[in-house]
Amino acid sequence: MSEKIEISDADVRFMEMAAEIAEKNIDRGGGSFGAVIVRGAEVVATGANTVTLSNDPTAHAEVNAIREACRQLGTFSLKDCIVYSSCEPCPMCLSALYWAGVKRIYFGNTKEDADAINFSDGFIYKELEKPRVDRVLPCIHIESEKNIRAFQKWAAKKDKIEY
Ligand SMILES: [Zn+2]
């Protein structure tokens, strides 16, 4: 099923906001990426890429915006929120946005545009298609009774908060 989603004037404004954040962030020493998280007509949080500023390889604009939005709303679920990102989310950010449960993502620059300025995430998508042990980053399974125990404890826990 693919339905055509109209792009409103508000969508365009929020995207311009993300673009402005991205551009200003370069002058602060950050990367050229910005994100805005919106609920209804309200901006809940913004984020800019601070990988090099904060020595955090996960500090992409979307991840920073998710963290700030969750702090602002006091929740781990952004199910009523829409994200405007200055660039198509990388696999990490896309996954984080799935985990956050946002309902829609609008993006500006495409991953091909990012690739053209040496921000390439295409190899990660290719890696994910390979068998675990054949990846550049090998993932090796170690069987462990102790790890199973943690899962059993979680499965049996009566008062857990599901997420
Ligand atoms: Zn990312």
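Me: Where is W154 found?
Reply: W154 sits in helix α6, residues 145-156. Helices are DSSP runs of H or I, at least four residues, and strands are runs of E, at least two, numbered from the N terminus. This is a predicted model: local features need pLDDT of at least 70, side-chain atom pairs count only at pLDDT 80 or more, and totals for chains, interfaces and linings use all residues. Residues are numbered from 1 along each chain as its sequence is written, and side-chain values use heavy atoms, with hydrogens and water left out.

Me: Why does W154 count as partly exposed?
Reply: Because its relative accessibility is 37%. Buried means under 20% relative accessible area, exposed over 50%, partly exposed in between (1.4 Å probe, protein chains only).

Me: Which residues form the nonpolar patch on the surface?
Reply: F76, W154, I161 and Y163, with about 550 Å² of accessible area together.

Me: Switching to the metal. What coordinates the zinc ion?
Reply: H60 through ND1, plus C90 and C93 through SG, at 2.0 to 2.3 Å. Along the chain, the donors are spaced H-x29-C-x2-C. Donors are N, O and S atoms within 2.8 Å of the metal (3.2 Å for Na, K and Ca); water is not among the atoms, so sites may look incomplete.

Me: Are C90 and C93 buried or exposed?
Reply: Both are buried.

Me: And S85, where is that?
Reply: In strand β3, residues 81-87. S85 counts as buried because its relative accessibility is 2%.

Me: What does S85 contact?
Reply: Beyond its neighbours within four places in sequence, S85 touches M15, A18, G34, A35, E62, Y106, F107 and G108. Contact means heavy atoms within 4.5 Å. A polar atom of the S85 side chain also lies 2.8 Å from the backbone oxygen of C87.

Me: L128, buried or exposed?
Reply: Exposed, because its relative accessible area is 55%. L128 lies in helix α5, residues 122-129.

Me: How many helices and strands in the chain?
Reply: Six helices and four strands. From the N terminus, the order is α-β-β-α-β-α-β-α-α-α.

Note on methods
Patch = residues over 30% accessible without salt bridge, like charges linked within 9 Å, V, L, I, M, F, W, Y side chains within 5 Å. Areas by Shrake-Rupley, 256 points an atom, 1.4 Å probe, with all protein chains shown as cover. Salt bridge = Lys/Arg side-chain N within 4 Å of Asp/Glu carboxyl O. Polar contact = N/O pair within 3.5 Å; in protein donor to acceptor, adjacent residues only side chain to side chain.
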